[in-house]
Amino acid sequence: MTEPMIVRARVAAPKAAVLHALTDPDTLRRWFAEEVAVELPTRYEFWGRYTPEGDAPHQKLTHVDDDGLTFTWLLDGVETTTSITLEAEAPDATIIVLSQSHFDVQEMFEGKTIRGVLQTFWAMSLANLVDLLEGRELTMRHDFGDTEFRAETLIDATPAAVYDSLIDTDKVSTWFGYPISIEPWVGGRYAMGGFDAPFPPAKILDLEPNQKVTVDWGAPGIQTWELAESDGKTRLTFVQSGFDTTNPPHASWLGSVSGLAELRRFHELTDWKPIWISEPA
């Protein structure tokens, strides 16, 4: 088995508030799952539209205390383990450390098992948790029954500023939290991990300054960002299309949506810092 996937995020909220958001049923329904059943210290279950294989609850709580919780989660016939640990960084700041077993990045690219969505599912979920605790509007939650991928959000910045942050290599890499190399012209390359990455880059199909960016990712489909001015702000509509609807690229979509949450923060917070924390060396 591969090493557990580790994700670290910082939130400007006390540790007790974070634990409450992770374990209170009403709060969980606001940012995480459609249906939840929590009876500590014995039961922690979630299911519904916003959960992978959410036809029924598939979790078993194995540990909970003031520092977090651990549960098993049956996905595609495999019992995985999720552990969420909270570390107080300051009285009003907490570091969330999420460990997830049975995640393989190759499965994310291949889409052969629902476990391939685990990394981006947790990225989107934690982004929503941070926004909730910091009093910001959630970007969206993903319905795993959807085959139409569309998101809309309002960003407190001009279309020109948002457009620049979608096509400038340094800015995209900064807010997305991962190296991305871009040739900002029609036909140019759009490469996750840089031009020397081991997988082929996407191709820019359309650029309309301050209005639209369209990128072809091949099998995962075509992603389009459309920008429109709205009372001095930017109405951003993000669509992914052209994929195999019998095997939708949920992992790709979830990663992009979690990125939108950070894009909003990048433009709207004067003292912006990424919520994601690199793993210690």
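E53 sits in the loop between β3 and β4 (59-65). In this predicted model, the phi of E53 is near 50 degrees, a positive value in a residue other than glycine.

**Backbone**
- E53 counts as partly exposed because its relative accessibility is 31%, which falls between the 20% and 50% limits.
- H102 is not a glycine either, yet its phi is positive, at about 60 degrees.
- You will find H102 in the loop between β7 (93-100) and α3, and its 24% relative accessibility makes H102 partly exposed.
- L40 and P41 are joined by a cis peptide bond, with omega at about 10 degrees.
- P41 belongs to the loop between β2 (35-39) and β3 (43-47).

**Surface patch**
- A nonpolar patch on the surface is formed by V105, F109, Y178 and F199, which together have about 370 Å² of accessible area.
- V105 lies in helix α3 (residues 105-110).
- With a relative accessible area of 41%, V105 is partly exposed.

**Second largest pocket**
- The volume of the second largest pocket is about 310 Å³.
- Its lining is made up of 14 residues, and A12, E134, R265, D271 and K273 are the ones that lie nearest the centre of the pocket.
- Seven residues of this lining are nonpolar and seven are charged, with no polar ones.

Definitions and conventions: Residues are numbered from 1 along each chain as its sequence is written. This is a predicted model: local features need pLDDT of at least 70, side-chain atom pairs count only at pLDDT 80 or more; totals for chains, interfaces and linings use all residues. Side-chain values use heavy atoms; hydrogens and water are left out. On a 1 Å grid over the protein atoms alone, a cavity is a set of points where a 1.4 Å probe fits but cannot get out, and a pocket is an open set with protein on both sides within 12 Å along at least five of seven lines; lining residues have an atom within 4 Å of a point. Grid points are joined across faces, edges and corners, and a volume is the space filled by probe spheres set on the points. Ala, Val, Leu, Ile, Met, Phe, Trp, Tyr, Cys and Pro count as nonpolar, Asp, Glu, Lys and Arg as charged, and the others, Gly among them, as polar. Patches are made of residues with over 30% relative accessible area and no salt bridge: like charges are joined within 9 Å, nonpolar side chains (Val, Leu, Ile, Met, Phe, Trp, Tyr) within 5 Å. Accessible areas come from the Shrake-Rupley method with a 1.4 Å probe; for residues, only the protein chains shown count as cover. A salt bridge is a side-chain nitrogen of Lys or Arg within 4 Å of a carboxyl oxygen of Asp or Glu. Helices (H or I, at least four residues) and strands (E, at least two) are DSSP runs, numbered from the N terminus. Buried means under 20% relative accessible area, exposed over 50%, partly exposed in between (1.4 Å probe, protein chains only).
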